[in-house]
Amino acid sequence: MQLAKKVIDKQTSALALPISKPESRLYMSFLSVAFISLFIGGLMGLLQVFVRTGKFTLPFGIDYYQVLTVHGVILGLVLTTYFIIGFHFSLMGKTVGISDKQRKIAWIAFWIMVIGTILTATMILLGEASVLYTFYAPLRAHPVFYIGLALVVVGSWIAGFVNWHQLAVWKKAHPGEKSPLLAFMVTINTILWFIASLGVAVAVLIQFIPWSLGFAETINVLVSRTLFWYFGHPLVYFWLLPAYMAWYAIIPKIIGGKLFSDSLARMSFVLFLFFSIPVGFHHQLTEPGIDPTWKFIQVVLTFMVVIPSLMTAFSMFATFEITGRRKGAKGLFGWLKKLPWKDVRFLAPFIGMVAFIPGGAGGIINASHQMNAVVHNTIWVTGHFHLTVATTVMLTFFGISYWLIPHLRGRKLTPKINRLGIIQAIVWAVGMFIMSGAMHIQGLLGGPRRSSYSEYAGGDQVTEWIGYQMAQAIGGTILFVGILLMVYIFIKLTFFAPKGEEEFPIAEEEENAEATPAYFENWKLWIGITVVLILAAYTIPFIDIIQHSPAGSVPFDFPIGR
């Protein structure tokens, strides 16, 4: 019986369905918006680092905070969400399939998101929503900005419902079988996104839209920030888990190996679901009005996420070593030589993995109550953000693009594009090392985040920052070269690469791995535990926040006095 179950497990892990042209158009539409966003957001980032040198002034009366808002919203919310949903759909289509009806609903989700994106972007470009991607109250944007954000979230929910329905249909047709690993991972990530984004949806619909329309004179700032960070921290894992999907289930196939353990991969994703949502207070450690006991509890829960992160590191390097030794590697680290360093599909994500080591260490510092007091609201946090999301996540997304785009478009990843991709990954890593490193150091010296260039009346401390701001401009320029290369590669792979077939790599599990327990399919259990943890972490402190909040704040329109 156990042997039969393992045979089913292997067959399920190897399942791969063809992707039709209508499916391809859907998936590519999401990816195309993501890469357009990469160029626009990257250009805004370049302008930012130039302004912060004190040697450059924005033309045409454009405001620095307008540029900063475009950069954050376009890259932090638009690029990531569109790429992830497109990637999710491709994984589900490949492993469990998608019906014509499901595809039509997915198109509805896409167009709702596009309309919301256009509304939000228009308000930012008109200077009516320079509130940054966190849109902290009491800064007030135009109502259309918040309505656009709400539409993007609603569209993403519809896409998630389609994913869940895809898996439900598959399970009905395959009773007693475990779900394909990638479909399981997509389901976990969409559950995480839905539960987390409920917080920002409530804030936008109940607080921000009525307030921005003038129906409410004041807004409860602490409630709005608590709801945002209830969403804001798991948002990071919504970005990160698709990279983990590629690391666990796709990279092993690319290097000629196999998945180390299906069970371990599923358990790590379940733990990410548990411990990534009920921890938003570690972003609010300096906020008054939140009892320190509840901050401590959420800090402890934050540190729990280290466990699935270390599980992932163990699994990946076990896969690398086992694969290398099967190829004849000798010695303690001889397996490193057997890895395909000249294959950009592996190299780009691997650089992202390495970057996550200092990125994760910085996250522990940010979440530690005492050390957070040193770096809070400094540009250290921006440097950390660029290590985790802009390096680990983005380089993995680029690595995915090198095989996913040609697969969807019926084209080939040529040796020339592969070499250019390796150059792009190295350029990106060098630029980010310089820029992020300078941000970390300047943050330790007290340099603030979210601020334009200022000499602060000539203070001695400020003179220490100038050199690091120049270094950020140098690193940002190198990064923008990497963006231009990636956009060129995207266009090349989409329209001009030779016709052919590119593999959609999905790894099989190791033959001697333990069979995956059936309880992993118990979605009521995992969702129930997640809800219990959230209620335990938020119910009492949220009641306290509402009962003991000071008077609400009147709005501040930006520019002030508009």
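This is a predicted model: local features need pLDDT of at least 70, side-chain atom pairs count only at pLDDT 80 or more; totals for chains, interfaces and linings use all residues.
**Ground rules.** I number residues from 1 along each chain as its sequence is written, and for side-chain values I use heavy atoms, with hydrogens and water left out.

**Overall build.** I looked up the secondary structure and found 17 helices and two strands, taken as DSSP runs (helices H or I, at least four residues; strands E, at least two) and numbered from the N terminus. The radius of gyration, over C-alpha atoms, is 23 Å, close to the 24 Å that the globule rule gives for 562 residues, so the protein is as compact as a globular protein of that length; the rule is 2.2 Å times the number of residues to the power 0.38. I also noted that buried residues (under 20% relative accessible area, 1.4 Å probe, protein chains only) make up 59% of the 562 residues.

**The second largest pocket.** I then turned to the second largest pocket, which holds about 330 Å³ of space. A pocket here is an open set of points on a 1 Å grid over the protein atoms alone, where a 1.4 Å probe fits, with protein on both sides within 12 Å along at least five of seven lines, and lining residues have an atom within 4 Å of a point; the volume is the space filled by probe spheres set on the points, which are joined across faces, edges and corners. Of its 26 lining residues, Leu-77, Leu-149, Ala-150, Val-152 and Val-153 are the closest to the centre. H3 (64-95), H4 (100-125), H5 (143-173) and H6 (181-212) each supply at least two lining residues, and H3 gives the largest share, seven residues.

Notes. Buried means under 20% relative accessible area, exposed over 50%, partly exposed in between (1.4 Å probe, protein chains only).
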